[in-house]
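My entries follow in the order I made them.

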Amino acid sequence: MTKIFLVLVLLQTLFNILVVASAGNLNQDFDITWGDGRAQILNNGQLLTLSLDKTSGSGFKSKNQYLFGKIDMQIKLVPGNSAGTVTAYYLSSLGSTHDEIDFEFLGNLSGDPYILHTNVFTQGKGNREQQFYLWFDPTKDFHTYSILWNPQSIIFSVDGTPIRQFKNLESKGIPFPKNQAMSIYSSLWNADDWATRGGLVKADWSKAPFTASYRNFNAQACTWSSGSSHCSSSSSSSSPSWLSQSLDATGQERIKWVQKNYMIYNYCRDTKRFPQGFPAECSLA
């Protein structure tokens, strides 16, 4: 069974690399927000790069805010010795009770795997970390990292393979992000005090600048402006399909496969961290 799912995952990965999603000009979708020239939009808006050196990292932010959507970005991570670096790609609202949906890529020594760190914040509360190894080298080519966020759930996917689901369990008293519009952010920054082996391995600045690359951004989403939202769809239907999309049987099997073979940390299993009992969603999900 594991071999069958590995083949399916590799085929989906190949499909995502070969088939480019309909994507606009990155100049139209994003603003460089910091880095003093270390972030660049190149190739007539088809490529965006973030760089980090000992002085500073860099980052960008979406021009739009979104309230639900299916959002894809192809990313190629920092190659070689990336220890101490973090490439963050996430959705977030503002304020002390903000909502947030996180991908963070924790760098490592050459030949050692990246750690994909995920988290979900609701009303300012996070602490819902799950971490994974990837089944490929994310520095060799671009791969698609996706967030499907609708009123039913949040699904994190890599090259079309779901790796994590956070369900709407408001009926059980657990907050779910649904009222705050979020912008897309990404940054490449120095976190060598904690990112690699708890901070034991520091960044090797002789290898700087470190660079991560982005392309083929695609958002089928509800954009938020002046207190109202406008939803986009790949079809002419009045209600976009992604707005009610959920994991089918194949998706459920794939997420089980990923979590069995590649998950390395799950807050819902950390008894030392939660000696008084796990958060409520752990038993309900």
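I looked up the largest nonpolar core, which has 54 residues. A nonpolar core here is a set of buried Ala, Val, Leu, Ile, Met, Phe, Trp, Tyr and Cys residues joined through side-chain atoms within 4.5 Å. Buried means under 20% relative accessible area, exposed over 50%, and partly exposed in between, with a 1.4 Å probe and protein chains only. Phe103, Trp149, Ile154, Ile163 and Phe217 touch the most other members. Strand E4 (residues 58–76) gives this core its largest share, 7 residues. Helices (H or I, at least four residues) and strands (E, at least two) are DSSP runs, numbered from the N terminus.

I noted the ground rules next. This is a predicted model, in which local features need pLDDT of at least 70 and side-chain atom pairs count only at pLDDT 80 or more, while totals for chains, interfaces and linings use all residues. Residues are numbered from 1 along each chain as its sequence is written, and side-chain values use heavy atoms, with hydrogens and water left out.

I checked confidence through pLDDT, the predictor's confidence in each residue, from 0 to 100. The protein averages 89, and 88% of the residues score at least 70. Over residues 3–22 the pLDDT is below 50, yet this stretch has 28 contacts in the model beyond near neighbours in sequence. A contact means heavy atoms within 4.5 Å.

I then turned to the aromatic rings and found 16 aromatic pairs. Rings of Phe, Tyr and Trp (its six-membered ring) pair if their centres lie within 6.5 Å; planes under 30 degrees apart count as stacked, over 60 as edge-to-face and the rest as tilted. Tryptophan 135 and phenylalanine 136 are edge-to-face, at 5.7 Å centre to centre and 85 degrees between the planes. Both tryptophan 135 and phenylalanine 136 are buried. Phenylalanine 166 and phenylalanine 176 are stacked, because their planes lie at 5 degrees, with the ring centres 6.2 Å apart. Phenylalanine 166 sits in strand E11 (residues 161–167) and phenylalanine 176 in the loop between E11 and strand E12 (182–190), 10 residues apart. I also listed one aromatic cluster, formed by Phe30, Phe60, Tyr214 and Phe217.

I finished with the cysteines. A disulfide is a pair of cysteine sulfur atoms within 2.5 Å, and the count comes to 1. Cysteine 268 and cysteine 282 form this disulfide, with their sulfur atoms 2.0 Å apart. The torsion about their S-S bond is about -80 degrees, so the disulfide is left-handed. Cysteine 268 is buried, at a relative accessible area of 17%.
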